[in-house]
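Subject: Structure handover

Hello,

Here is the structure I promised you. Please open it and keep it beside this email while you read.

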Amino acid sequence: MTSTDTLDTHPLGGPALPQERRLVTAIPGPRSQQLLERKAAAVPAGVGHTVPIEAVAAGGGVVVDADGNSLIDLGSGIAVTGVGNAHPAVVAAVQAQAAQFTHTCFMISPYESYVAVAEALNRVTPGSHAKKSALFNSGAEAVENAVKIARKFTKRQAVVAFDHGYHGRTNLTMALTAKAMPYKSGFGPFASEIYRAPLSYPYRDGLTGAEAAKRAISLIEKQVGADNLAAMIIEPIQGEGGFIVPADGFLPALVEWCRDNGVVFIADEVQTGFARTGAMFASEHFGIVPDLITTAKGIAGGLPLAAVTGRAEIMDASHTGGLGGTYGGNPIACAAALASIDAFENDGLLERARRIGELLTDRLRALQATDARVGDVRGHGAMIAAEFIDPVTGEPDAALTAAVAKACIAEGVIVLTCGTYGNVIRFLPPLSIPDDLLHEGLDVVAAALAAQP
Ligand code: PMP
């Protein structure tokens, strides 16, 4: 089937795909199965996949597969396609830039779009202080560079990350990431001078933000020593760790302690950034202004781009040539980022994320009211999660979570799981998804849960 032959566009853009859930085969269908067999033979098992399909088109709120199935997208390719997949302005910017030049290497022959992305990031990130930005290819690479910059600036080595944190799969970022399976097991030894502090996890620890901050700071002071600490890195809302929203006051107390002790506070907004949470950056929900902020995912509508943005005096700590990479700030990715940032600022996407958040929260809370296995519903904007538990013991129920997610995918709804205990379903729809698809997706989730014994 040709999936682009129906003229049914969504007002927020995307290719002309019918905005519908449509199953014409079982998932996976025969074409998809063929690709998965080739994948198994050609690609290592370590590179997994969640949804067993061959994707051929995506836009608005759907992903279409090679068998003609149209799946509701509640994952955005892990929080990437916030502006919607193949957003027309992103497509046009990419095409125009690709026809002009595809690469010079910004460190060899600079070009305007890189500088324009840096200017835009310096403007849209929290805080009115002087800022600078450097561009990279992936979230992990941005995190690695934020740590390099903080160490160079402070002339200290230690870095504190938090329980439930996720920062990537490179060697340094594996050390920063909390969860062993599947991210770290067997891949050590890890980078040194990384320490872990307890998080604020209101649903499970029952602490106020101030209490949780005191617990973390006390551990850091005793086990690391403020004078040794270059940086503290934290996701304002934990992503892979389970969409954990810290209690009020937790993050501001950490930021204040960092300021008092000359420690660089790094907010990893790779997953939470760019309107995802109903604010341009999640830090805004907590009233904090990070020293450095790492971004990626939503920044460029699906093109690989990442950034470190922060206080000019910190960002300028490195000698010339200490930061960079062959592809960092590739001109096609920069063109896509400029089009995406324009869409975030001017297409009403912040409002749209908030509306999606209300809809998701209302629906999931209604489910929670009738099913005690939904232990907690939390998040901000279009980043909402449900945590599944054994209603008798309150223990995490990873098996139930996996079964619900599997059933949803079989019914044509892409949902992703997360959480240290594997018991969280996270909802990260593209902001271009229409309300009726969101409702239909949640109907499928509710039916999948009801069908589990
Ligand atoms: N930080 C956070 C908060 C993330 O969610 C991720 C990706 N899930 C990363 C870093 C790593 O990004 P990437 O996969 O682009 O390296």
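First, a caution. This is a predicted model.

**The ligand site**

Start at the ligand. Which residues surround the ligand? They are S138, G139, A140, Y166, H167, G168, E235, E240, D268, V270, Q271 and K297. The shell holds three nonpolar, five polar and four charged residues.

Next, look at the polar side chains. D268 has a polar side-chain atom 2.7 Å from a nitrogen atom of the ligand. For E240, a polar side-chain atom lies 3.3 Å from a ligand nitrogen atom. Q271 places a polar side-chain atom 2.9 Å from an oxygen atom of the ligand. On its own, the ligand would expose 390 Å². The protein buries 83% of that area.

**E240 and its partner**

Stay with E240 for a moment. Its side chain also makes a polar contact with the side chain of R426, at 2.8 Å. R426 sits in strand 15, residues 424–427. Is R426 buried or exposed? Its relative accessibility is 4%, so R426 counts as buried. The cut-off for buried is under 20%.

**Strand 8**

Now go back to D268. It belongs to strand 8, which covers residues 264–268. Five of the five residues in strand 8 are buried, so the strand is largely enclosed by the rest of the structure. In a regular strand, side chains alternate between the two faces of the sheet. Which residues of strand 8 lie on each side? V264, I266 and D268 are on one side, and F265 and A267 are on the other. Both faces are covered.

Strand 8 has partners. Strand 7, residues 229–234, pairs with strand 8 in the parallel sense over four bridges. In that pair, I233 stands opposite I266. How does the chain get from strand 7 to strand 8? It passes through helix 9, residues 250–261, and this β-α-β crossover is right-handed.

Strand 9, residues 292–295, also pairs with strand 8 in the parallel sense, over three bridges. Here D268 stands opposite T294.

**Backbone points to check**

Most residues other than glycine have a negative phi, and most peptide bonds are trans. Here are some exceptions to look up.

- A275 has a positive phi, near 70°. It lies in the loop between strand 8 and strand 9. A275 has 0% relative accessibility, so it counts as buried.
- I78 has a positive phi too, near 60°. It is found in helix 2, residues 76–79. At 34% relative accessibility, I78 counts as partly exposed.
- The peptide bond from I27 to P28 is cis, with omega near 0°. P28 lies in the segment before helix 1, residues 30–42.
- M181 and P182 are joined by a cis peptide bond with omega about 5°. P182 is in the loop between helix 6 (171–176) and strand 6 (194–197).

Best wishes

Conventions. Residues numbered from 1 in each chain as written. Predicted model: local features only at pLDDT ≥ 70, side-chain atom pairs only at ≥ 80, totals over all residues. Heavy atoms only, no water. Near = heavy atom within 4 Å. Polar contact = N/O pair within 3.5 Å; in protein donor to acceptor, adjacent residues only side chain to side chain. Areas by Shrake-Rupley, 256 points an atom, 1.4 Å probe, with all protein chains shown as cover. Nonpolar A, V, L, I, M, F, W, Y, C, P; charged D, E, K, R; others polar. Buried < 20%, exposed > 50% of the residue type's maximum accessible area, 1.4 Å probe, protein only. Helix = DSSP H or I, 4+ residues; strand = E, 2+ residues; numbered from the N terminus. Pairing = 2+ DSSP bridges. Right-handed = clockwise from strand over helix to strand, strands pointing away.
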